[in-house]
Amino acid sequence: MITVKTESIKIEVLGAVPPGTDNILSEPALSFVGFLCAKFEGRRQQLLQQRKLTSIEYDSLQVPAFQKRPEVLADDWLCASVPPDVEDRRVEITGPVGRKMVINGLNSGANVYMADFEDSTSPTFKNVIEGQQNLKDAVDGTISYVNPRDGKLYELCDNPSTLFVRPRGWHLDEAHILVNGIPASGSIVDFALFFYHNVNALLAKGTRPYFYLPKLETSLEARLWNDVFIVAQSYMGVQRGTIRATILLETITAAYEMEEILYEIRDHSLGLNCGRWDYLFSYIKKFKLHPTKVTPDRKHLTMETPLMQAYVKRLIYICHKRGTFAMGGMSAAIPIKNDPSANTKAMDKIKDDKMRECIAGHDGSWVAHPALVSLAKSVFNEHMKTPNQIYKPGLAGQNVSEKDLLQLPTVQYGSAITSEGLQKGVQIVLAYTEAWLRGIGCIPLNHHMEDAATAEISRAQIWQWRHHGIKTEDDGIIITAERIRNIVMEEVDKNKNKGRWQLAGKLVTEMLTKSTHFDDFLTSVCYPHIVQIENVSVSSKL
């Protein structure tokens, strides 16, 4: 165990430090982590408590409303100017922070590679700390990787993508690091270690530390990030505004505070991103008890859904009004091998998706696989001749109403909620949970890249359907806890001698069949188990 003490702060590292990463957890770096955690932990907990109180309001069938703060509505403010090296963000790619993945992401040809400590990374201590080492080596230009199976060498190309980093959300702890006896904030650990080790090297290269911030629910949560940035920059002796961050607009509550969120972080802002999958999850979670907001099969929840169209229009309008980026979201489809016809159809869908985003006014978009970078770029190159479209006002979003953001699609009876949709949903939640428990944060499944956000949509839907006693329309059978349990058992039996399927089956069954309580996050339920698994593994080596 590593212990660092300052005048009033004690930092303890409980996890086993991966070989070759001692410098990441140096005493000065840990002192910085401890300083930020001690200073902001009280506010973080207050905001998390406010989330719970807000959820109680929505469970009593209330809905959100627009804020009307005079200082936010005023015309005399803009977000920070765009740095030259990120004026063009037309295609961004994201992935976990494994060494090979970091190299491939930076070599992908995308304008931006977002290294993800959140939805696509299972936060084992090994993954988190090795991820930080991988990013430090990438910034230093020394990163390389040799595939142990075939000896293939991976190195950075001459013109890698610009690096962005996504720390974990405010709700996640880092159980392996204690600050004054309390688990550290996962958000601050991820942010602080990257910022501390790389800010000066990034500035020397003519770039700066860029971040993506996930899962914010209110403008006060954005204000907390802004204050963390101010204090961190002062601590490291760099100019205020050095840090820039794009906020993922991933929650239905944040959609009613888009302008307020930008206002709070305006001096460090690089706009908003349509985090479409988490956004749909948030909608279902917040309105899970509303009988008029029961969602259809996941396949119907597309970007053509009225609430998603309204969300996109409003986001583009607000961001461009304030002089900053309105980034498009992730197409979860990935290339289909050994089936050219199916692959062509999948690629055509992705192309249509990116064209819709570009024509709507987005300044760039995300892809989930390096093979999709050139496809997405070709669409934006054809329809966006300038580095971005911030100059376009996006007036289609000016009159989006509070009700528009809540409008579900109209689906023909008989196909809205089906036994196939239920079966696939359980399979997705179960397969993802099993992988996450093994330390894997994203998996290819049914020709899509499933991460925490996409799995959460299925989990929330199934809980909602069971809670409301919905019948699958193709067979007229009620979705009960017993029916869900049987589907889980069937899937576990197919894989019972592999991986962590038994544990995953137990956890998924509990999450989907709880009578009144809905767990806020799948990852929060599973995290204590990966901590326990790691501790057992460490003990066995001693």
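1. Burial and surface. In this predicted model, 58% of the 542 residues count as buried. The protein exposes about 21800 Å², of which carbon and sulfur atoms supply 52%.

2. Overall dimensions. The C-alpha trace spans about 65 × 60 × 50 Å along its principal axes.

3. Secondary structure and contacts. The protein contains 17 helices and 19 strands. Among contacts with a separation of 6 or more, 79% are between residues 24 or more positions apart.

4. Charge. There are 61 positive and 63 negative side chains, and the centres of the two sets lie 1 Å apart. The salt bridges number 39.

5. Asp 353 and Arg 356. These side chains form a salt bridge with an N to O distance of 2.7 Å. Both belong to helix 11 (residues 340-360), where a spacing of 3 residues separates them by about one helical turn. Asp 353 is buried, at 11% relative accessible area.

6. Arg 90 and Asp 88. The closest N and O atoms of this salt bridge are 2.9 Å apart. Arg 90 is buried, with a relative accessible area of 7%, whereas Asp 88 is partly exposed at 27%.

7. Arg 438 and Glu 434. Their side chains meet in a salt bridge at 2.7 Å, N to O. Here Glu 434 is buried, with a relative accessible area of 3%, while Arg 438 counts as partly exposed at 42%. Elsewhere, salt bridges with shared partners join Asp 116, Glu 118, Asp 119, Arg 166, Lys 215, Glu 250 and Asp 278 into one network.

Technical notes:
Residues numbered from 1 in each chain as written. Predicted model: local features only at pLDDT ≥ 70, side-chain atom pairs only at ≥ 80, totals over all residues. Heavy atoms only, no water. Helix = DSSP H or I, 4+ residues; strand = E, 2+ residues; numbered from the N terminus. Buried < 20%, exposed > 50% of the residue type's maximum accessible area, 1.4 Å probe, protein only. Contact = heavy atoms within 4.5 Å. Areas by Shrake-Rupley, 256 points an atom, 1.4 Å probe, with all protein chains shown as cover. Lys, Arg positive; Asp, Glu negative; His and termini not counted. Charge placed at Lys NZ, Arg CZ, Asp CG, Glu CD. Salt bridge = Lys/Arg side-chain N within 4 Å of Asp/Glu carboxyl O.
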